[in-house]
There are 2 protein chains.
Amino acid sequence: MRPNLTAPAAAGTPESALPAAAVTGDHAPSRPAAPARRAVVDLGSNTFRMVVFAVDPSARRVPGGAWRQTAELYEPVRIGAELGPGGELQPRSLRRALIAIQLFDHFCRSHDLTTERIDAVATSAIREAPNQAAFLDQARDISRLNPRVLTREQEATYGYLAAVNSTTLVDGGVLDIGGGSLQLVRTRDRRATDARSWTLGAVRTTERFLPGDAPASKAEIKALRRHVERELADAPWVDRIGDRLVGVGGAVRNLAAAVQHRHGSTDLGVQGVLVRRATLEDLIEELAALAPRDRRAVDGIKPSRADVILAAAVTIEGVLKATGLDAVEATEFGLREGVFLDRHLAGRCGPEGEPLPLYPDVGDAAVRNLAARYDEDPAHSDHVEHLALELFDRLAELGVHDGDPAERRLVAAAAALHDIGMAVGYDDHHKHGRYLVVTNGLPGFSPPETALIGQAIRYHRKGSPTMKPFRALERDGDEQRLDRISALLRLAEGMERGHDQAVRRVECSRDGDEVTLDMRCGPDGAPVARWAAEGQAALVRRAFGVRLTVTEAAA
Amino acid sequence: MRPNLTAPAAAGTPESALPAAAVTGDHAPSRPAAPARRAVVDLGSNTFRMVVFAVDPSARRVPGGAWRQTAELYEPVRIGAELGPGGELQPRSLRRALIAIQLFDHFCRSHDLTTERIDAVATSAIREAPNQAAFLDQARDISRLNPRVLTREQEATYGYLAAVNSTTLVDGGVLDIGGGSLQLVRTRDRRATDARSWTLGAVRTTERFLPGDAPASKAEIKALRRHVERELADAPWVDRIGDRLVGVGGAVRNLAAAVQHRHGSTDLGVQGVLVRRATLEDLIEELAALAPRDRRAVDGIKPSRADVILAAAVTIEGVLKATGLDAVEATEFGLREGVFLDRHLAGRCGPEGEPLPLYPDVGDAAVRNLAARYDEDPAHSDHVEHLALELFDRLAELGVHDGDPAERRLVAAAAALHDIGMAVGYDDHHKHGRYLVVTNGLPGFSPPETALIGQAIRYHRKGSPTMKPFRALERDGDEQRLDRISALLRLAEGMERGHDQAVRRVECSRDGDEVTLDMRCGPDGAPVARWAAEGQAALVRRAFGVRLTVTEAAA
């Protein structure tokens, strides 16, 4: 089966009906347009969820404009539970489903979300149900929701779009497991090359293989394992999927949260957390020994998912076996973000001619999205970023450090975001900035990278930089990386202390272990900048092992 | 000496030059005016500081409009150090002072803060210096700052305004200790009745009584104690000051932070923290045993204050002895806030005819100020507050709880602020809301009350309310208080789940341990509200020991 690689046809208003300002550009209007709101409703086999996104089309440097989630309604409807022999949706489940739809409708009504602003999609359980039409008619009668049933290909495509727009995945696979179905997509050069859907969703496999209220027996687990193995064997490309697997869906997120609890929680979300096969096997053993309702006792597992998490874990383990991979990497984006981004990014992502709704650089988009949301002085942040990168490049040319491009990305991110904490308050804004990075996460950066960015922001004013709060994530050399990033950020921030771009650019020269930073200034000079930059000499020495001299000349 | 009880004459533009919208009123313009910025520069004997305040005159329910600090520049200039025999400012100190003034000026220039938007005041060291005029002329020459030298009375008045506008102080005293002088003010019915200033600032007493780089000897401490005792004896009203003493100034804040570190830090600021005499004596002993530069090793003491904190501690201890009080209560407001509020509130505080710039209700002003800053849906928050208070009152009438007015204030505050965390992000907004309360503090509420408000916000959606993160502050009965506040807030939030004010008001009736909550609704009814309110029955039972029934009728 080939996935449908063009964006699925979207319900409702065509994009051209959006205000003209929605088109990305560097020329943001002086008065930003009010954010447009758009809801995505996911009528999943396990959970019905409505997410409201606010889009700020005037935001700078973010393809398609900045966006954020402004509300989420979550109802564990279980429409895929206790299906009839032919997959019929049952009256009890339908009642729960219609109450949830009423709730969503009520919310949409009081938030002025009209039908064309709501993209409602239905997946596996509804797709396969012979009594689908009656349910959808009722939903349309009692609400402004106009659900469309996704084909298997469309469902797989949305999961793929979520994964590729929230990670640095290039060649590998995407696993998306819901209540009704499992999708696997193989990617090469960020494109989906193969895709397949199986009715291996966690609600279905639980009912078939792990029914009842008792702990799961070894035999039951074994039968499920064998079933998954046999099913996956149908797709010959699965064992050549590549060396990286990104996992989408609530079950993956819960398992990743359980992994985090085991390794010492760091307050970072599950974005980028690796669920390794060995840990998964331990978790399966622990979950199987508990009665379904007691599985919520495992830290990280949500109560509404407790009874189906074991089947999901066994299925994911089966995928790891079939692909020969050691781990699945969690992402917080899922079907809903895929549906949203497909429409949000359509035709707005460079490079020119790019037909797919893919961020050209996921990490950069995440950074700009956060900056657009919280940064109150972009002229200052942009200039700090400019100066910090200029310093990074000049010092690399002089052999002061090795110019690692991955480190350069971190310098850019920390500089762009260093002042976002001011949105919370001026006092301690360095700490608030870290809080905002940690709580929002940065798709496109690994957890240790996100921690480095957070700590560089935390130490952008004063204090001795340390990775201490993120010891559990720390890699070899991260303390030194943090020193280097912090030193560059503090130098750049010092040179921009007047928030007036008085230091236009910098030149650097080197004589042994002495480095001269020559600030090129505007007509008024920059005595404060010089004094502030000189104040960083000790940190520069610690980070780069060089002695700093600061000079000043006309630009 | 009688304090000057009318607002001190302020430099610069008269208030009438502010836009008309600055006048408080419920009729906020639909498009809020851009916040006005105003700087206060405090040329203190120990530190020069510039604080920038942003005022939003359109904010609702805050006398004078909402305000917040948007920047602070801090230079430990020590202009009061090493004064000449006649109190002359010394060349070295003056050089440091002029560099700091240049820095402030640079910042003002790049932030469009014109002279009439900057209120610069000078205190003790500059006031007493015979070479004051030359310094002030130079400052005016090189900057847009136009400093005015405060009289002792004005300095005392500003400290008093800071204390009375950030605490519930009615009858008692205000202690304000800086680098140059100590002020004491006695208050009755929130009015200053007596005031006095002494040259007992920490820089002065350090130089005279605790000079040098060695630990302080017993004899030195004794001499300082005797001096403070003799000086304070001059004001006969000091031992009748009342039963409560509020402390203003950096030294008090540092000592309060040291107290917090000893008692287990709770992330709350020092607002309302009590520094008790016994703890102060311990701290004095600990600090005296350290060389001045090593006193920064005591957690809570800032490096730039390490060498003078001991003299300040001994002086404050002397005030406690002289007043016969057991503790001084820290506030985070100081001279700068006093200067700001004097102008900000002038003529804007009800009740009519109130000539003084005093918030009628400090805690309420703090709550409304925070709400104005972060709350994105005031119609919803107002209605949740209305419903929660209605429930509180009806249930008190029915004898379900005892209607404690202090608890009612907490219900109002938690309801008004329950959704402010959405300014950080929708996900986990209950946790973000607590973070915003904790990080900003709530002047007018005690630390245990602020903790209760924070935890009620934390649990306004789900979960089992607990005071666990604030165990160090917890008073008897606080767990039960939190249960009651949370139950009312969750009921009100449930009834307002649609964010549409569909439940207009509530009636309650009681039959033994059964309580019926009768929602009076708009024409469309409120099925979602009823379902959400019923979901709180277990918490209501735990909090009030009653069984809940929810009914619905037309309003």
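User: Domain bounds here come from an automatic or database domain assignment. Which domains does that assignment give for chain A?

Analyst: The model is a predicted one. For chain A, the domain assignment gives domain 1 (15-150), domain 2 (167-332) and domain 3 (364-554).

User: How many residues does the contact between domain 1 and domain 2 of chain A take from each?

Analyst: The C-alpha centres of domain 1 and domain 2 of chain A are 25 Å apart. On the domain 1 side, the residues that touch domain 2 of chain A divide into 3 nonpolar, 7 polar and 1 charged. The contact takes 11 residues from domain 1 of chain A and 12 residues from domain 2 of chain A.

User: By what rotation and shift is chain B superposed on chain A, and what kind of axis relates the copies?

Analyst: Two copies of a chain are related by a rotation about an axis and a shift along it. Here chain B is superposed on chain A by a rotation of 180 degrees with 0.0 Å of shift along the axis, at RMSD 0.0 Å. The two copies are therefore related as by a two-fold rotation axis.

User: In chain B, which residue has the C-alpha nearest the axis?

Analyst: Chain B superposes on chain A by a rotation of 180 degrees. In chain B, the C-alpha nearest that axis lies 3.9 Å from it and belongs to Val424(B).

User: Which element gives the most residues to the side of chain B that touches chain A?

Analyst: The contact takes 23 residues from chain B and 23 residues from chain A. On the chain B side, the elements that give two or more residues are strand E3 (66-75), helix H1 (91-110) and helix H14 (429-440) of chain B. By class, the residues of this side divide into 8 nonpolar, 11 polar and 4 charged. With 5 residues, the element that gives the most is H14(B).

User: Which are the edge strands of the open sheet of 6 strands in chain B?

Analyst: The strand order is E8-E7-E6-E9-E11-E10 (chain B), and the pairing is mixed. On average, neighbouring strands of this sheet are turned by 25 degrees against each other, direction ignored. Each edge strand pairs on one side only, and the two are strand E8 (191-198) and strand E10 (274-276) of chain B.

User: Which residue in E11(B) stands opposite Leu274(B)?

Analyst: E10(B) pairs with strand E11 (residues 327-330) of chain B in the antiparallel sense over 3 bridges. Opposite Leu274(B), the residue in E11(B) is Glu329(B).

User: What angle does the direction of helix H8 of chain B make with that of E10(B)?

Analyst: Helix H8 (residues 277-288) of chain B packs on the sheet and touches E10 and E11 of chain B. Its direction and that of E10(B) make an angle of about 70 degrees.

User: Is H11(B) roughly parallel or roughly antiparallel to H13(B)?

Analyst: The axes of helix H11 (residues 362-374) and helix H13 (residues 405-417) of chain B come within 9 Å and cross at roughly 10 degrees. Their contact has 6 nonpolar, 1 polar and 1 charged residues, including Val367(B) of H11(B) and Arg409(B) of H13(B). Angles under 35 degrees count as roughly parallel, so the relation of H11(B) to H13(B) is roughly parallel.

How values were computed: Residues numbered from 1 in each chain as written. Chains lettered and ligands numbered in written order. Predicted model: local features only at pLDDT ≥ 70, side-chain atom pairs only at ≥ 80, totals over all residues. Contact = placed C-beta atoms within 7 Å. Helix = DSSP H or I, 4+ residues; strand = E, 2+ residues; numbered from the N terminus. Nonpolar A, V, L, I, M, F, W, Y, C, P; charged D, E, K, R; others polar. Least-squares fit on C-alpha atoms with pLDDT ≥ 70 in both. Pairing = 2+ DSSP bridges. Axes fitted to C-alpha atoms, helices over the stretch in contact; angles between N-to-C directions. Parallel < 35°, antiparallel > 145°, perpendicular 65-115°, else oblique.
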